Amino acid sequence: MDRMYDPKSLKAEEFISHEEIMDTLAYAEKNKDNRELIDSILQKAEKRKGLSHREASVLLACEDEATIQRMYDLAEQIKKDFYGNRIVMFAPLYLSNYCVNGCVYCPYHAKNKHIARKKLTQEDIVREVTALQDMGHKRLAIEAGEDPVNNPIEYILESIKTIYSIKHKNGAIRRVNVNIAATTVENYRKLKEAGIGTYILFQETYHKESYEKLHPTGPKHNYAYHTEAMDRAMEGGIDDVGLGVLFGLELYKYEFAGLLMHAEHLEAVHGVGPHTISVPRIKRADDIDPSTFDNGIDDDTFAKICALIRISVPYTGMIISTRESKAVREKVIRLGVSQISGASRTSVGGYCEPEPEEDNSAQFDVSDNRTLDEVVHWLMDLGYIPSFCTACYREGRTGDRFMSLCKSGQIQNCCHPNALMTLKEYLMDYASPATRQVGESLIRSELPNIPKEKVRQVCEDHLEKIEQGIRDFRF
Ligand code: SAM
């Protein structure tokens with residue numbers, strides 16, 4: 001029997017209905033040259049109200065060069081309107097690579113006997129976080145394999161507490177996002193109480209049959225439990241959740257439709273869509289050869305997906321990690337990415353001292369190996385403001401409150417000065433002289449872009465105080 005498609009259902013197979021995705025793909029294929037329809041979809045997108053999974057899938061199927069350019073131009077414009085030229089910076093922190101799952105694309109899978117298994121102690125965390133603070137990071141995403149014995153929720157909670165408690169020189173981690181396996185409402189409540197920012201969980205693939213093959217063993221095998229995790233997280237009080245697909249596992253058109261359906265589901269049930277969407281692609285890793293997966297996508301397709309996510313869910317942040325090279329990052333930042341990681345290590349430990357080669361615990365190879373200072377400098381050369389802001393979360397502007405900030409058009413009076421002030425802190429405390437010089441002149445040229453005069457004056461005053469050594473101002 002066919003399952004009913006129902007975005008409001010709490011059952012994975014109903015809000016991510018396979019039949020609905022197949023119908024969507026057929027509809028998109030049939031209409032990929034339908035100029036009139038494509039035109040009307042683009043006109044709707046121009047109103048910045050987003051697109052449905054069906055509409056966006058038609059655009060994804062369209063292969064006409066001029067139309068694709070129109071999508072890119074629109075994505076760029078929407079990005080400018082909603083996010084200005086700010087790019088939020090973060091770093092991942094791998095706590096443990098012990099894992100009981102069998103994910104065939106991940107080197108942490110339980111059967112991998114040659115990868116070094118590591119778990120940071122609380123003392124290790126202090127050292128790693130101190131090193132991250134010394135680079136200038138203020139926002140982390142913690143990562144861990146799934147292992148109820150080695151990495152129980154108590155370990156994650158204790159680690160979060162440790163991370164927030166470390167105050168080294170002028171450094172502080174002000175927002176900890178969490179990327180750990182699907183868990184219970186009770187555990188999500190505990191994460192919320194521990195003060196996490198976004199709960200991130202990648203779906204990996206929305207295709208149930210493939211999902212089950214790609215996750216042959218362990219708790220992650222359960223497709224419904226994994227797919228319904230965000231609903232449990234929201235039930236547990238977490239209102240910023242981050243979605244993602246691991247591109248390369250299944251057909252990208254299928255994943256794209258599934259991803260947007262998931263966003264529509266969260267909006268329909270909880271009144272607020274995902275806070276972020278991540279777009280990782282499979283990378284080479286110990287025991288993992290990406291070419292053994294048939295569905296890899298080229299850089300152009302990747303860029304098209306990023307642009308269409310930007311157009312379809314304008315209020316949702318988009319994250320690009322160091323899985324992508326400098327060149328690819330440069331291209332997709334323009335098309336709508338709002339957050340990037342910098343100077344990442346994907347090994348357990350490795351920030352305070354590099355991991356010896358024979359002791360490799362990394363999850364995947366990174367393609368962008370630059371230091372944070374280099375990434376910050378590069379962004380500014382491209383005309384972006386690297387932002388270390390964590391204000392929304394600390395001011396309680398999460399979930400629908402963050403969305404209303406976006407929708408009210410007040411971002412420029414709030415996020416813009418916050419970006420300038422946190423960049424100023426970075427320049428004072430961590431930047432190289434060359435980066436500092438570029439940054440100071442960027443701040444001067446960006447100050448007039450704060451629309452409200454009063455806000456601009458307060459911001460200028462705070463910038464002076466930062467110069468004198470005071471930290472942590474925010475709107
Ligand atoms: N263990 C957690 C879970 O089950 O969701 C999440 C943490 S894992 C460290 C973060 C993500 O890395 C995974 O969700 C997966 O999408 C991604 N990943 C795993 N293997 C990868 C590979 N070879 N290349 C790129 N990304 C990979």
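User: Leaving aside neighbours within four places in sequence, with which residues is Ile282 in contact?
Analyst: This is a predicted model, in which local features need pLDDT of at least 70, side-chain atom pairs count only at pLDDT 80 or more, and totals for chains, interfaces and linings use all residues. Residues are numbered from 1 along each chain as its sequence is written. Two residues are in contact if their C-beta atoms, placed from the backbone, lie within 7 Å. With neighbours up to four places away set aside, the contacts of Ile282 are Tyr105, Leu246, Gly248, Leu249, Pro290, Phe293 and Gly296.

User: Is Ile282 buried or exposed?
Analyst: Ile282 lies in the loop between strand 6 (276–278) and helix 13 (299–312); helices (H or I, at least four residues) and strands (E, at least two) are DSSP runs, numbered from the N terminus. A residue is buried if 20 or more other C-beta atoms lie within 10 Å of its own, exposed if 12 or fewer, and partly exposed in between, with C-beta atoms placed from the backbone. Because 23 other C-beta atoms are within 10 Å, Ile282 is buried.

User: What distance separates the C-alpha atoms of Arg394 and Arg175?
Analyst: Arg394 belongs to helix 16 (residues 391–394), and its 15 C-beta neighbours inside 10 Å make it partly exposed. Beyond residues up to four places away in sequence, Arg394 touches Arg174 and Arg474. Arg394 and Arg175 are 219 residues apart along the chain, and the separation of their C-alpha atoms is 8.1 Å.

User: Why is strand 2 described as largely enclosed by the rest of the structure?
Analyst: Arg139, Ala141 and Glu143 point one way from strand 2, while Leu140, Ile142 and Ala144 point the other way. Residues on both sides are buried. Strand 2 (residues 139–144) is therefore largely enclosed, the number of its 6 residues that are buried being 6.

User: Which residue of strand 2 stands opposite Tyr94?
Analyst: Two strands pair if DSSP finds at least two bridges between them. Within strand 2, the residue opposite Tyr94 is Glu143.

User: Which residue in strand 3 stands opposite Leu140?
Analyst: Strand 2 also pairs with strand 3 (residues 175–179), in the parallel sense and over 5 bridges. Together with helix 7 (residues 153–165), these two strands make a right-handed β-α-β unit. Opposite Leu140 stands Val176.

User: What is the bridge partner of Leu243 in strand 6?
Analyst: Strand 5 (residues 241–244) is covered on both faces, with Val241 and Leu243 buried on one side and Gly242 and Gly244 buried on the other. It runs parallel to strand 4 (residues 199–200), joined by 2 bridges. Strand 5 also pairs with strand 6 in the parallel sense over 3 bridges. There, the partner of Leu243 is Ile277.

User: Which residues come nearest the ligand?
Analyst: A residue is near a molecule if its C-beta atom, placed from the backbone, lies within 6 Å of it. The shell around the ligand divides into 12 nonpolar, 3 polar and 6 charged residues; Ala, Val, Leu, Ile, Met, Phe, Trp, Tyr, Cys and Pro count as nonpolar, Asp, Glu, Lys and Arg as charged, and the others, Gly among them, as polar. Of the 21 residues around the ligand, the nearest are Cys106, Ala181, Phe202, Lys283 and Phe364.

Key. Right-handed = clockwise from strand over helix to strand, strands pointing away.
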